[in-house]
Amino acid sequence: MRKQKSIFENIDWLIVGIYLVLVLIGWVNIYAAVYNEEHKSILDISQNYGRQMVWIATSLVLAIFILVIDGKFFEAFAYPIYGFVLLILVAVLLFGREVAGSKSWFEIGAFRLQPAEFAKFATNMALAKYLSTVNINMKDFRTKLVAGTFIIIPIAMILLQNDTGSALVFCSFIFVLYREGLSQNVLIIGFFAVLLFVLALMVSKIIIVSVLAGIAVLAIALLRKTRKNIITISVILALAAGVVFSVDYFFHNVLEPHQKQRINVLLGKDTDLKGAGYNVNQSLIAIGSGGLTGKGFLNGTQTKFDFVPEQSTDFIFCTVGEEWGFLGSLVILGLFTALLYRILFIAERQKSDFTRIYAYGVASILFIHLMVNIGMTIGLLPVIGIPLPFLSYGGSSLWSFTILLFILVKLDSYRTFILR
Amino acid sequence: MQNSGQRFVILGIFTVVIFIYLVRLFYIQVIDDNYKLSANNNVLRYITEYPARGLVYDRTGKLLVYNEAVYDLMVIPKQVKDFDTTSFCEIIGISKEEFEKKLKKARTYSRVKSSIFEKQLSAETYAVLQEKLFKFHGFYVQPRTLRKYPNKIAGHTLGYIGEVDDKLVAKNPYYQSGDYIGVSGLEQSYEVELRGQRGVRIVMVDVFNREKGSFSNGEYDSAAVSGQNLVTTLDLELQMLGERLLENKIGSVVAIEPSTGEILAIVTKPGYDPNLLVGRVRSKNYAQLLKDELKPLFNRAMMAYYPPGSTFKLVNALIAQQESIITPSTVFPHSFVVGSKSVKCHPHPGGLSLEGAVQYSCNPYFCNAFRAFVDNRKFVTSENGYKIWRDYVLSFGVGRKIGVDLPHELEGNVPKVDFYDRYYGKGRWKASTIFSLGIGQGELGITPLQMANIMCIIANKGYYYTPHIVKKIGDKTNSTRNLSEKHVTLVDASHFEVIQNGMQKVVEAGTARIARFGNVVICGKTGTAQNPHGKDHSLFVAFAPRENPKIAIAVMVENSGFGATWAAPVASLMMEKYLTDSISRPELYERMIKGNLLPTKKD
């Protein structure tokens with residue numbers, strides 16, 4: 001293996017370019033979202049937009065730092081970093097500060113840090129490291145167990161912090177596992193479990209189970225009536241019925257009241273626009289009132305006048321939708337699509353398994369954030385408080401996404417050297 | 001591990017989700033318009049700018065009605081924080097319970113929108129409140145205006161304003177809940193001119209309903225346009241004198257300038273101080289006035305029907321002359337007998353011609369003249385004779401609305417043929433049945449305004465201008481009504497001379513000598529209207545000076561006996577005041593003012 005001539009050799013400038021554009025768009029929209037007549041300068045540190053500039057600047061420093069250090073470092077130190085982050089997650093449970101019901105913040109002076117954000121890339125690295133080990137086979141139960149453990153541990157700790165949204169993000173690793181050989185049945189089962197869950201909340205359970213039973217009988221009638229087929233179908237039916245009938249228990253005993261409300265709002269069962277439905281309704285109004293070309297920069301009344309809550313963090317997409325309209329939404333989703341495609345393309349051109357798996361992790365994490373965040377603002381998913389990558393205000397999230405992405409850029413820049 | 005199948009599945013999932021999102025975004029942003037409306041509802045507040053109502057002046061430029069600033073205390077419940085409610089309640093003068101009730105009501109309406117907490121705080125209360133308002137979060141004041149009457153006169157004529165009700169808001173698109181509208185008098189008939197044009201300011205508010213500047217730089221805002229001022233035809237001094245003279249009496253005075261139809265004074269008593277029907281005290285006072293046995297809310301000048309009595313002899317004389325039934329030299333026997341009834345007369349010289357009959361108000365003369373008219377053979381039937389007589393009477397502005405620019409004017413009553421047909425049977429009545437019309441009694445009902453208008457006609461020798469109360473709107477002559485049209489009666493000008501002669505004699509040597517003053521030539525006629533309910537009504541009509549008349553007047557004092565005792569002095573004093581700007585007979589003035597003719601109230 002030879003040394004790089006310069007740290008910028010083989011850098012994927014497309015990814016870096018999209019990253020910079022998204023970050024700048026985010027900054028401008030944060031400015032518009034919390035625009036304050038008395039603090040007109042976008043550089044005013046007392047405002048969110050001024051502070052975001054600091055986060056952007058420090059993120060760039062972080063990015064360059066990542067590009068400077070040896071790419072082997074990340075693979076070599078994947079486990080120690082993972083372990084370190086787990087320790088911090090424990091620490092935040094003990095010494096953290098509770099914000100909006102989640103004990104997931106460290107407060108250092110005026111700054112707040114959310115360790116859960118950093119668990120994402122750390123877990124991704126550890127998972128990549130494990131799955132790229134020689135002689136690993138996803139078909140093995142042991143592999144599944146270990147890989148699952150890598151994911152479950154941070155999920156558990158983040159759930160203990162009462163930060164369901166961040167914990168949910170770790171489900172995105174299912175894509176990574178799938179890419180590395182996990183049976184597609186897992187995806188299908190997962191999909192149908194969610195479908196059944198939603199259906200069970202909306203339609204009578206008896207009807208669902210009856211329909212399922214009907215399908216099962218039909219399937220048995222049509223398929224070859226082997227013992228195996230019948231048993232398989234019966235087991236599937238039993239599991240499905242189990243899911244359907246456990247929904248109520250799950251819904252009432254596992255979910256928090258506000259989570260139940262958010263799901264009810266989404267399903268149209270809770271129409272209290274002043275209460276639980278307020279956020280989503282105002283968010284929809286903001287985006288929906290944008291029209292084709294939007295109301296124009298700083299002219300978004302919904303966001304500027306605070307009708308939309310959390311307008312610079314979780315609901316930043318409202319500002320885009322309101323001030324830049326459908327065209328703005330199209331640009332944002334287009335940029336993300338380009339980024340995701342590019343990452344997947346990069347993943348597949350790697351000779352290094354570690355880099356490929358890591359890349360899939362990056363794409364999956366970004367995708368789940370995108371899907372959950374925008375899905376929430378346009379009323380397709382329940383309200384789950386996770387940021388829109390690169391755009392939402394916040395140091396922890398911007399830093400963590402920068403690290404996540406630039407480790408990939410760094411690893412990718414070695415693609416021509418590493419042979420395995 | 002090259003596993004290309006899976007990589008496309010993942011790519012596919014990403015793509016499908018993003019595509020679904022784009023479709024959803026396209027739908028809510030481009031296709032569905034509801035969200036735009038909701039966004040506007042969220043952020044736009046339409047703030048009404050109330051114009052000041054027009055002021056009202058008398059004919060000499062003295063102020064009759066002006067506006068007083070008051071303050072509506074508004075509240076936005078969501079912004080209300082804990083504060084010293086005790087001192088707050090003390091300042092605006094309500095109890096703690098009322099406070100809670102009002103706040104609850106406002107909350108029920110809206111937590112973020114403002115509603116009226118307490119209406120029409122006075123400037124004094126506001127001054128105290130303003131000092132502490134900063135402590136009362138969520139409260140602010142909105143300036144409004146109330147009507148104020150410096151002279152406490154002419155309540156019926158000036159009218160009052162009230163808040164519009166839901167029915168009106170539904171009917172008339174101009175008005176919004178909370179607006180004021182004229183409900184009587186001038187305020188009602190000149191509402192459009194007085195109210196001005198409401199303005200609107202569109203502001204944007206944030207989620208806490210805090211103003212965040214104007215919408216579209218005020219492009220859609222409109223400024224309030226103040227109402228126009230009215231210059232009335234009233235003479236403040238004359239009006240005040242009239243009201244003072246009729247104090248403690250039931251009756252009315254109408255004085256008109258014959259050459260224009262301008263109403264100089266219009267008094268109805270008992271009346272009320274117009275300030276009573278303003279603002280917060282209005283409904284309480286209104287209810288009280290409504291209960292009053294003397295009916296102070298009843299505008300006698302335009303709504304009360306009186307038999308005109310002897311004053312109507314003038315009209316009969318004119319009509320009979322026009323049809324050549326009588327001439328100035330006609331003499332009737334000094335008696336009028338119908339069956340067992342005979343009409344008596346006051347003692348006076350016999351063998352009177354028309355002028356003398358007017359001077360001495362000879363009852364038989366006019367009964368005879370009336371019979372000669374109605375039963376005249378040239379009209380074939382008495383019924384037809386009466387019909388023609390009635391048409392003449394109506395041309396004097398009687399039995400129909402004259403069209404004064406005030407609401408609630410009534411027609412009066414001159415019965416139609418059908419009425420007598422129904423009462424006596426068709427063809428079963430003739431002049432001798434209804435002869436009392438000849439001396440202004442019987443079924444006749446005439447309002448004081450109509451009596452004054454008849455005086456204008458006689459003063460003008462045959463025509464009148466529609467009596468009216470508003471001269472100018474803003475700087476321009478009142479053109480909202482047809483006020484310059486000369487309404488000509490069916491009687492030729494030549495027949496008026498002899499009537500005026502008689503009327504002049506009434507004052508100089510007849511029943512109304514008490515009305516004389518200075519060297520002004522006055523034409524007058526007393527009347528005593530029989531009143532089935534009690535003592536006769538005292539009536540006097542007059543105009544002066546005879547040449548180039550400046551004032552025509554009708555005075556009615558209920559239950560006060562002869563016309564000369566109360567009505568004539570009142571008319572005389574008022575004419576003197578108007579024509580000479582002085583009162584030369586203080587004893588008479590004192591006697592009039594002190595006279596109390598009110599019925600003793602039953603408890």
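**Reading strands, cores and contacts**

Mentor: Start with one pair of residues. B:Lys525 has B:Val541 as its bridge partner in β20(B). Keep in mind that this is a predicted model.

Trainee: Which strands does that pair belong to, and how many bridges join them?

Mentor: β19(B) pairs with strand β20, residues 537–544 of chain B. The two are antiparallel, with seven bridges.

Trainee: In what order do the strands of that sheet come?

Mentor: The order is β12-β11-β21-β20-β19 in chain B. That makes five strands in an open sheet, with antiparallel pairing. The twist from one strand to the next averages 5°.

Trainee: Why is one side of β12 and of β19 left without a neighbour in the sheet?

Mentor: Both stand at the edges of the sheet in chain B, and each has a single partner strand, so one side lacks a neighbour there. β19 covers residues 523–529.

Trainee: Is β12(B) enclosed or open to the outside?

Mentor: Count its buried residues. Strand β12 of chain B spans residues 262–269, and eight of the eight are buried, so the rest of the structure largely encloses this strand.

Trainee: How should I think about a core?

Mentor: Start with the general idea. In soluble globular proteins, nonpolar side chains tend to be buried together. Now the case here. The largest nonpolar core has 125 residues. Those with the most contacts inside it are B:Met455, B:Ala542, B:Ile553, B:Val570 and B:Met574. Helix α18 of chain B, residues 448–460, gives the most to this core, with nine residues.

Trainee: What does B:Met574 touch?

Mentor: Leave aside residues up to four places away in sequence. B:Met574 then touches B:Leu238, B:Leu241, B:Gly242, B:Val253, B:Ala255, B:Ala265 and B:Ile553. There is also a second, separate core of 114 residues, which includes A:Ala119, A:Ala347, A:Leu366 and A:Leu405.

Trainee: Let us turn to chain A. How many helices and strands does it have?

Mentor: Chain A has 17 helices and three strands. Of the 420 residues of chain A, 45% count as buried. For the 603 residues of chain B, the figure is 42%.

Trainee: How are the three strands of chain A arranged?

Mentor: They form an open sheet in the order β1-β2-β3, with antiparallel pairing. The edge strands are β1 (97–99) and β3 (111–113), each pairing on one side only. Here the twist averages 50° from one strand to the next. Three bridges join β1(A) to β2, residues 102–108.

Trainee: Why is A:Ile332 called buried?

Mentor: Count its neighbours. The cut-off is 20 or more other C-beta atoms within 10 Å. A:Ile332 has 25, so it is buried. Its place is in helix α15 of chain A. The C-alpha atoms of A:Ile332 and A:Leu391 are 9.7 Å apart, though 59 residues separate the two along the chain.

Trainee: How many residues does each chain give to the contact between them?

Mentor: Chain A gives 34 residues and chain B gives 29. On the side of chain A, α15(A) brings the largest share, ten residues. That side divides into 18 nonpolar, twelve polar and four charged residues.

Trainee: How far should I trust the coordinates?

Mentor: Check the confidence first. Where pLDDT is low, the predicted coordinates should not be read in detail. Chain B has a mean pLDDT of 84, and 98% of its residues reach 70 or more. The model scores ipTM 0.92 and pTM 0.66.

Definitions and conventions. Residues are numbered from 1 along each chain as its sequence is written. Chains are lettered from A and ligands numbered from 1 in the order in which they are written. This is a predicted model: local features need pLDDT of at least 70, side-chain atom pairs count only at pLDDT 80 or more; totals for chains, interfaces and linings use all residues. Two strands pair if DSSP finds at least two bridges between them. Helices (H or I, at least four residues) and strands (E, at least two) are DSSP runs, numbered from the N terminus. Axes are lines fitted to C-alpha atoms, for helices over the stretch in contact, and angles run from 0 to 180 degrees between N-to-C directions. Two residues are in contact if their C-beta atoms, placed from the backbone, lie within 7 Å. Ala, Val, Leu, Ile, Met, Phe, Trp, Tyr, Cys and Pro count as nonpolar, Asp, Glu, Lys and Arg as charged, and the others, Gly among them, as polar. pLDDT is the predictor's confidence in each residue, from 0 to 100. A nonpolar core is a set of buried Ala, Val, Leu, Ile, Met, Phe, Trp, Tyr and Cys residues joined through C-beta atoms within 7 Å. A residue is buried if 20 or more other C-beta atoms lie within 10 Å of its own, exposed if 12 or fewer, and partly exposed in between; C-beta atoms are placed from the backbone.
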